[in-house]
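Here is a briefing on one protein model.

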Amino acid sequence: MTNPKPSLPSQTKPSFFLPHRLLCAAALALISLPCFAQTPAQAEPQPVKAEAPRSKADAAATATLAALLPHLAASDTIPLMDRSAMFAGDLSRLISAYDASQGVSAATEAALANDTDGKVQSVLRRAMTLLGTPYRWGGTSPDSGFDCSGLVGYVFRTALGIELPRVSREMASQASAELIRDRSALNAGDLVFFGRRGRVDHVGIYVGEGRFLHAPSTGKDVRTDTLLSGYWGDKFMQARRVAL
């Protein structure tokens, strides 16, 4: 009797291993990231060129990479999904901050064309150095944080030595400051007031092109917003031009 031929083991289909190979490749790439982050690439010396002013885009890219590299090259004990979430959050925050600072810068340049004595410029420069300072109810300094009127008072006091009333409703009724009701008549450096039911409860500093700088509320930082539309546009009540 003829013995049957021994059956050969069936070949494993390549498609079965493909997802595992891809996962292994991704894992190896993630593991190698700290090495890339810590080991500078060896490059041939380049001829020295004359220094040129770095563009704002270059500066933004450098800041973004510096902030994101720690998360990209983080410990492998951090789950991939968590690491991705951190990356996305940081990227979103950095882009928002960069766009806000660019908007303030552009508005400032346009608004200061007639600032012959430089006082408005002093106010806006001091105000912009405080972007990102945390909100704190009753706060009046960068160290402790600011509420809305504390921020405005600090800016005018430290930039020009001008003392303003402590609370927003008293600033809004200051007789020595010119009253402005039409948003189209605003100049950079004007105080802008917001409220509900005819009562002022918030103040900021107009920076030009429909934007103002302020300390919004608990849990938020000093930032710029538009007063031409949206939430703050609906709450705008009036403005005051402080004699500088």
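Leu186 has a relative accessibility of 8%, so Leu186 counts as buried (buried is under 20% relative accessible area, exposed over 50%, partly exposed in between, with a 1.4 Å probe and protein chains only). The model is predicted: local features need pLDDT of at least 70, side-chain atom pairs count only at pLDDT 80 or more, and totals for chains, interfaces and linings use all residues. Residues are numbered from 1 along each chain as its sequence is written, and side-chain values use heavy atoms, with hydrogens and water left out.

**Around Leu186**

- Leu186 sits in the loop between strand S3 (178–180) and S4. Helices (H or I, at least four residues) and strands (E, at least two) are DSSP runs, numbered from the N terminus.
- Beyond its neighbours within four places in sequence, Leu186 is in contact with Ile180, Val192, Tyr206, Leu227, Ala239 and Arg241 (contact means heavy atoms within 4.5 Å).
- Arg241 is 55 residues from Leu186 along the chain, yet their C-alpha atoms are separated by 8.5 Å.

**Nonpolar cores**

- In soluble globular proteins, nonpolar side chains tend to be buried together.
- The largest nonpolar core here has 28 residues. A nonpolar core is a set of buried Ala, Val, Leu, Ile, Met, Phe, Trp, Tyr and Cys residues joined through side-chain atoms within 4.5 Å.
- Leu151, Val152, Val155, Phe156, Leu164, Leu191 and Ile205 have the most contacts inside this core.
- Helix H4 (119–128), helix H5 (148–160), helix H6 (168–172), strand S4 (191–196) and strand S5 (199–208) each give two or more residues to this core.
- H5 provides the largest share of this core, 6 residues.
- Leu164 is in contact with Val152, Phe156, Met171, Gln174, Leu191 and Val242, leaving aside neighbours within four places in sequence.
- A second, separate core has 10 residues, including Val192, Tyr206, Trp232 and Phe236.

**Aromatic rings**

- There are 6 aromatic pairs in the structure. Rings of Phe, Tyr and Trp (its six-membered ring) pair if their centres lie within 6.5 Å; planes under 30 degrees apart count as stacked, over 60 as edge-to-face and the rest as tilted.
- Phe212 and Trp232 make an edge-to-face pair, 5.9 Å centre to centre with 80° between the planes.
- What does this pair tie together? Phe212 is in strand S6 (residues 211–214) and Trp232 in helix H7 (residues 230–235), so the pair ties together parts that are 20 residues apart in sequence.
- Both partners, Phe212 and Trp232, are buried. Trp232 has a relative accessible area of 11%.
- Tyr231 and Trp232 have ring centres 4.9 Å apart and planes at 85°, so this pair is edge-to-face.
- Phe194, Phe212, Tyr231, Trp232 and Phe236 are linked into a cluster by ring pairs.

**A buried Asp**

- Asp225 lies in strand S7 (residues 223–226). Asp225 is buried, at 15% relative accessible area.
- The side chains of Asp225 and His214 are joined by a polar contact of 2.7 Å. A polar contact is a pair of N or O atoms within 3.5 Å; within protein, one must be able to donate a hydrogen and the other to accept it, and residues adjacent in sequence count only if both atoms are side-chain atoms.
- These two residues, Asp225 and His214, are 11 apart in sequence and 8.0 Å apart from C-alpha to C-alpha.
- A polar contact of 2.8 Å links the side chains of Asp225 and Arg223.
- Not counting residues up to four places away in sequence, Asp225 touches Gly210, Arg211, Phe212, His214 and Trp232.

**Largest pocket**

- The largest pocket holds about 410 Å³ of space. On a 1 Å grid over the protein atoms alone, a pocket is an open set of points where a 1.4 Å probe fits, with protein on both sides within 12 Å along at least five of seven lines; lining residues have an atom within 4 Å of a point. Grid points are joined across faces, edges and corners, and a volume is the space filled by probe spheres set on the points.
- The lining has 23 residues, and Tyr135, Cys148, Ser168, Asp201 and His202 lie nearest the pocket centre.
- S5 gives the most to this lining, with 4 residues.
- Ser168 is in helix H6 and is buried at 9% relative accessibility.
- Ser168 touches Ser149, Phe193, Val200, Asp201, His202 and Val203, not counting residues up to four places away in sequence.
- Phe193 lies in strand S4 and is buried, with a relative accessible area of 0%.
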